[in-house]
Amino acid sequence: MSTRLATAGRLLDRASTMEFTFNGKRMQGHEGDTLASALLANDQMLVGRSFKYHRPRGLVASGAEEPNGLVNMGAGAFFEPNQRITTTELFEGLAAESQNHWPSLEFDVGAVNAKLSRFMPAGFYYKMFIHPRPLWKHVYEPFIRKAAGLGRAPTEMDGSSYEHFYAHVDVLITGGGIAGLAAALAAGRAGADVLLVEQTAHWGGRAPVDGAQIDGLDGDTWVKETVQALESMDNVTLRNRTMGTGVYDHGYALAYERLTDHAPDQDGPRHRLWRIRARQIVTATGSIERPLSFAGNDIPGVMLAGAVRDYAVNFGVSLGDRTVVVTNNDDAYRTAITLKDAGLDVPVILDARPTADGSLVQQAREMGIRVALGKGIAHVNGAKRVTGVSICLQAGEGSEIEEIACDAVAMSGGWSPVVHLWSHCGGKLIWDDAQSHFRPDASRPPLGADGLGFVVPAGAANGAMSTAEVLVDAFQAGAAAAKAAGATGKTGRGPTGDTPKEEPMAPVWLMPQGASYKLRSKMWLDYQNDVKVSDVQLAAREGYESVEHTKRYTTLGMATDQGKLSNINGLATLAGALNAPIPAVGTTTFRPPYTPISMGAIGGEARGELFQPLHKTPMHDWHDANGADWEPVGHWRRAYAFVRGAETVEQAVQREVTNTRENLGLLDASTLGKLIVRGPDAGKFLDMLYTNMMSTLKPGRCRYGLMCTENGFLSDDGVVARIDDDTFLCHTTTGGADRIYAHMEEWLQTEWWDWQVYVTNVTEQFAQVAVVGPNARKVLEKLGGMDVSAEALSFMDWADGTIGGFDCRVYRISFSGELSFEIAVPASQGRAFWDALLEAGAEFGVMPYGTECLHIMRAEKGFIMIGDETDGTVIPQDLGLHWAISKKKDDFLGKRAQERDHMTDPTRWQLVGLETTDGSVIPDGAYAVGEGVNENGQRNTQGRVTSTYHSPTLGRGIAMGLVLHGPDRMGEVIEFPKVDGTSVKAKIVNPVFFDPEGEKQNV
Amino acid sequence: MKRYSVFAIAREAMRQHAGWPRAWASPTPKAKYDVVIVGAGGHGLATAYYLGKNFGITNVAVIEKGWLGGGNTGRNTTIIRSNYLQDPSAAIYEKSRSLYETMSQDLNYNVMFSPRGVIMLAQTHHEVRGYQRTAHANALQGVKTEFISPARVKQLVPIMNIDGPRYPVLGGLWQARGGTARHDAVAWGYARACSDMGMDIIQQCEVTNVLTDGGKVTGVETSKGKILCDKLGGVVAGHSSALAEMAGFQLPMESVALQALVSEPIKPCMDVVVMANTVHGYMSQSDKGEMVIGGGTDGYNNYTQRGSFHHIEETVRALIETFPMISRLKMLRQWGGIVDVTGDRSPILTKTPVEGMFMNCGWGTGGFKAIPGSGWAMAELMANGHSPLTEEFSMNRFRAGKFIDESVAAGVAH
């Protein structure tokens, strides 16, 4: 049984006791424990169930690579599935539940899958569930979905907060083991700005666990002193609980800081995502031990040798009383020695190598531990926990030589450098035959914009596996990175380490070498996804030979640990099956993040009200307090209508139209884009951008203009006012302001960079109010100030002046067909001006109106609306806007495109008005049908509705639409099917429904 | 071909699965074929499959630079729908969707087509009108869709927050027979079926030149030698312009990175596919339990199959806004693919200036759903020289300005 040892536990505070629960059972641990170590201390070997076969699962590892120890944690708004218990620090009151079982962890009905596993090899689901067809959706798939998945889905809105940090550094070092610390020393001394991040709560990594001696000090002391030295450097920042998650192009990197996961009662954000720009990145990410492939290597109680050592040294926890060690290298002997030192029994070390005589081997022997060379495990005995192992010859087929009772197995298949961050952005790997692992190929690093490498691997992550080698390599890496980042200081002498001499490991990809199918079908490669040696071999046999095919066919490495333990063993198995060298098989692609990071951290602060910036006009609060029914338009909120009392939104809209036509309406037009275009070439520039001639516009006058894309399609419209010879003010649509501003800048910066023009977006500098209706002039005259008479300010004039004491600019323009003044005041005066208009307008029947009223009034007048009459496929000629297209200009954006065959095709649909024969409203988006069907069996169409409203002015449904030969078919009736199967008929009419002579606006 | 079935599995289970044959053969290329297809992604394999199945043309080689299905076929978010606005799009995507319905049976390979339904959310009045228009168009095109209320949206997707605060859901365009399928299986199933018809699928074989004689295609130079053919189909997505250049013509195409990500797997919590174009993101839950999330394309061209993180960030933000519960899930993996985007964001299925050479490309961000329909139509075009489904997708449309622009209906990726 696993238990807490009486002594040791370098990370524990034995004086403090913490209570927690697992599946409702109360347990105790100490400060410094991980949830994993605390569970082991309470003899909780069984921690979960596998994905496919629901096999019982115990811990295999002690860190980020753990595939099995995943739990549901917390409750309500703080519930989270799939928490990895090896990286979860224990806190008082922690509540965890195991996952993926029913009804309980101990008795899981899904475990029947394990009994049926011979019917469920790799890819079995591609070969069955094919007939009968409807059963996939209704039976098989729901069943598979229920069986799969791991943790429960959260149901509530997240109760935690998150934030982003931004850092610009010379050198980012990921990993705070002795390699990262040594690299930081070098880079820090050289004078570089250094950010050193470490994913755990502790500095030093594995070295202190392994008893490293550095500069004559024991590991812990050296680490402590070095951290102090680094903390004293102003140019070095250290962050623990911060994982380097990904490396991206141009030295961009992400780090994931877990601020309160270990202390949920603490205030502040839960996670912080660091967005880092680094000149150089040092990956001191260490290495991960590989499991060995022997039958029963997934039974709880089988663990990586290094992890067994971690639990014993760091947490004072023993996995079992009698631990068999099985290995192909010297390092695992450290585990045996550690356990023996702790007073535990190591009945045998099974070393698959034919010979072994390194200093660790000798030490183990001297301690009286039996070492069996050339031996391996034939199979592990036990079900929910290990009861013993059967020993065999590694070179044989698995005949049992001897059975040994034990309650734990510590295995080591060698160590693989963590090359994820090196690889994310294109760093290449080479196969190291001596160590049987892939390591970074320093000659092919990820390249920055300058064509030079910007990632430097260090220490074990670079294949330097002993303390002495790690320190030399990492110190050099830190110095090199600092130099490449431009730091020039002296680095001094680096730390040196002592390491016992180790003998070479021997690759062992199958134990025993000649294992039968029966054994191979019990050798797990991927613990969480239940991928076995036999599965990879089946994939290879069936032709899924590419490592990517094998991965996808078997799901190897696709679990939440992303193959940290399984990938190398899996591809070695594949190489064996294909009889190909391992480097020829290659690896799958390493993708960020290194370990999963919370969506909340990725989103950061931007949620809810802060999701996107919200633009408010100066009058926003008034609208809000006066019944505004809001609609989002771009990043603005605009009032769709102002609802009064008990009326509906529709009633409000009708009232607003009628009142504006009869009395006085106010529209908050502040959201309209306002772009100042200025410079000696401003006229020339606008002539290119607009279809109209703008350079001839006189100061003091306004002109309605159209803008097209290069492909000729109408993209925006608005009124342009010429302020003076060099200055124009271009109005855009509300949604178009940012887009058109960018469009202008793009042309100026990329094509016409030598033209003397600049553009400024002043949209938010002005509040703008449209004062509209028969009483519009009256209210302005009442407020007093500038002359707004028809003589002084005729239609399409603008003038600066004051009204009611407000400095303003008045545009005599109309989008409603009424007498109308659009008045701009400084944004800071917007609300006061609005209030003044309301007060003065009371006697003239003033009412504010919203966007829908605006839309209806313009439709009654046959004015087009960008986004309604246009959809990116419509050219101005389709809309009868030939008058706005200059014939005199040599060129403008869209001109050439509009001369292409399809653009001049007489069968292009043309703008018309539509009057329903029964007065009803044609549904939005309806199409007019033609005769018959096309070659693909689709109903032929001859037009479509673009805007459709009930007109209170006319008391009937009116619409605008694009119709085949429309302008030539006045009076003809066409049919619009509705989606309910009925249809509505409409007569083709002139699109100007109201006041065609403009008598109301030109007064 | 050894048929796949539950009985075959049971039989093999008794003999250690030793009797399963290769899913597809791995031959050395012959000197000459009737048809060579370049590109063994979904579209290329489907083209070959329908050449054989519908036209009896089986002396076909499909050659592939890397491993089959390794491009966008194996990198997409597996959404299948046909609720397109424009007639030519609706025709080919609906043909495709209908072929997905029976693909598992046709190929004897379970591609796990799951017609679980697709909702495209309307979150502005403009979007409401746009989707109402699509619903009207679809009704006339024979595509079954309907515009549904926010309440119905909530009923279909209980984990969605339909009340904003920023962009409350105003409705949605619902296609009940849209859904997802297992992307790799589509490529593998076609490959197996093609191989079974006697076609050669040749992987690790890169085309280095297109051979012509008097304006007519005669074959290709490859890393495995010269391969002659009467007809050549280029189905190479982001590398189409490079292939066209070898043949001496140009294609209006840009290649940009599109990214996707998955969460860690969780128990079933979402039964349909949701696309939210206003906030830019879409999400479904795979059979394995991962939330599969896709977003927008990068703003610059490249071939690296990885993208900029800020797109991931924006997408995740958008989806936290739409599905607040995902905030406490974790991103397991992000990846990128290179999508081939044309001027009007619609595909090109076309004859070319080189007689006997055809191109099928430009599927951009929405190619997976089109695989069977694209293959069906391309095969018809290559066999007969004409296909009603490809008529409007000719490369000449760019010269005439006769675009097929779907951006009205599908703002972001589709």
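Predicted model: local features only at pLDDT ≥ 70, side-chain atom pairs only at ≥ 80, totals over all residues.
Which are the buried residues of helix 13 of chain A?

## Helix 13 of chain A

The buried set consists of Val533(A), Ser534(A), Asp535(A), Val536(A), Gln537(A), Leu538(A), Ala539(A) and Ala540(A). With eight of the nine residues in 533-541 buried, helix 13 of chain A is largely enclosed by the rest of the structure.

As for what does the covering, the list includes helix 12 (517-520), strand 32 (524-526), strand 33 (531-532), helix 14 (547-554) and helix 15 (567-578) of chain A. Just past the end of helix 13 of chain A, Gly543(A) adopts a positive phi of about 100°.

## A covered strand

Strand 37 of chain A, residues 664-668, is another mostly covered element, with five of its five residues buried. Both faces are covered: Leu664(A), Leu666(A) and Asp668(A) sit on one side, Gly665(A) and Leu667(A) on the other.

## The nonpolar cores

The largest nonpolar core has 200 residues, and the members that touch the most others are Leu35(A), Phe294(A), Val157(B), Tyr190(B) and Phe323(B). Helix 7 (residues 183-196) of chain B gives the most to this core, supplying eight residues. Another core, of 41 residues, lies apart from it, with Ala167(A), Ala253(A), Val455(A) and Leu519(A) among its members.

Take a closer look at Phe323(B). Leaving out residues up to four places away in sequence, Phe323(B) touches Val157(B), Ile159(B), Met160(B), Met270(B), Val274(B) and Met283(B).

## Where chain B meets chain A

How many residues of chain B are in contact with chain A? The count is 112, against 123 residues of chain A. Between them the two chains bury about 10400 Å², 54% of it on carbon and sulfur atoms. On the chain B side, Leu140(B), Arg166(B) and Arg328(B) lose the most area to chain A, together 9% of what that side buries.

On the polar side, there are 71 residue pairs in polar contact between the two chains, and eleven salt bridges. One of the salt bridges pairs the side chains of Arg133(A) and Glu101(B), 3.2 Å from N to O. Helix 5 (residues 125-141) of chain B makes up the largest share of the side of chain B that touches chain A, with ten residues.

## Two buried loop residues in chain B

Leu251(B) belongs to the loop between helix 8 (240-247) and strand 12 (253-263) of chain B, and counts as buried at 10% relative accessibility. Setting aside residues up to four places away in sequence, Leu251(B) touches Ser240(B), Ala244(B), Ile348(B), Met359(B), Cys361(B) and Met395(B). The C-alpha atoms of Leu251(B) and Met395(B) are 7.5 Å apart, although 144 residues separate them in sequence.

Thr352(B) sits in the loop between strand 17 (348-351) and strand 18 (357-361) of chain B, and is buried too, with a relative accessible area of 12%. Its side chain reaches the backbone oxygen of Met357(B) at 2.9 Å. Beyond its neighbours within four places in sequence, Thr352(B) is in contact with Phe249(B), Met357(B), Phe358(B), Met359(B) and Met395(B).

## Salt bridges, buried and otherwise

Over all chains there are 71 salt bridges. In one of them, Arg57(A) meets Asp298(A), with the closest N and O atoms 2.5 Å apart. That pair links distant parts of the chain, 241 residues apart: Arg57(A) is in strand 5 (residues 56-58) of chain A, and Asp298(A) in the loop between strand 17 (287-289) and strand 18 (302-304) of chain A. Arg57(A) is buried at 1% relative accessibility, and Asp298(A) is buried at 4%.

Arg152(A) and Glu97(A) form another salt bridge, at 3.0 Å. Here Arg152(A) is partly exposed at 39%, and Glu97(A) is partly exposed at 34%. The bridge between Arg809(A) and Asp800(A), at 2.7 Å, has a buried arginine at 17% and a partly exposed aspartate at 47%. There is also a network of salt bridges linking Arg206(A), Asp210(A), Arg309(A), Asp310(A), Asp331(A), Arg334(A) and Glu502(A).

How values were computed
Residues numbered from 1 in each chain as written. Chains lettered and ligands numbered in written order. Heavy atoms only, no water. Buried < 20%, exposed > 50% of the residue type's maximum accessible area, 1.4 Å probe, protein only. Helix = DSSP H or I, 4+ residues; strand = E, 2+ residues; numbered from the N terminus. Core = buried A, V, L, I, M, F, W, Y, C linked by side-chain atoms within 4.5 Å. Contact = heavy atoms within 4.5 Å. Buried area = accessible area lost by both parts, 1.4 Å probe. Salt bridge = Lys/Arg side-chain N within 4 Å of Asp/Glu carboxyl O. Polar contact = N/O pair within 3.5 Å; in protein donor to acceptor, adjacent residues only side chain to side chain.
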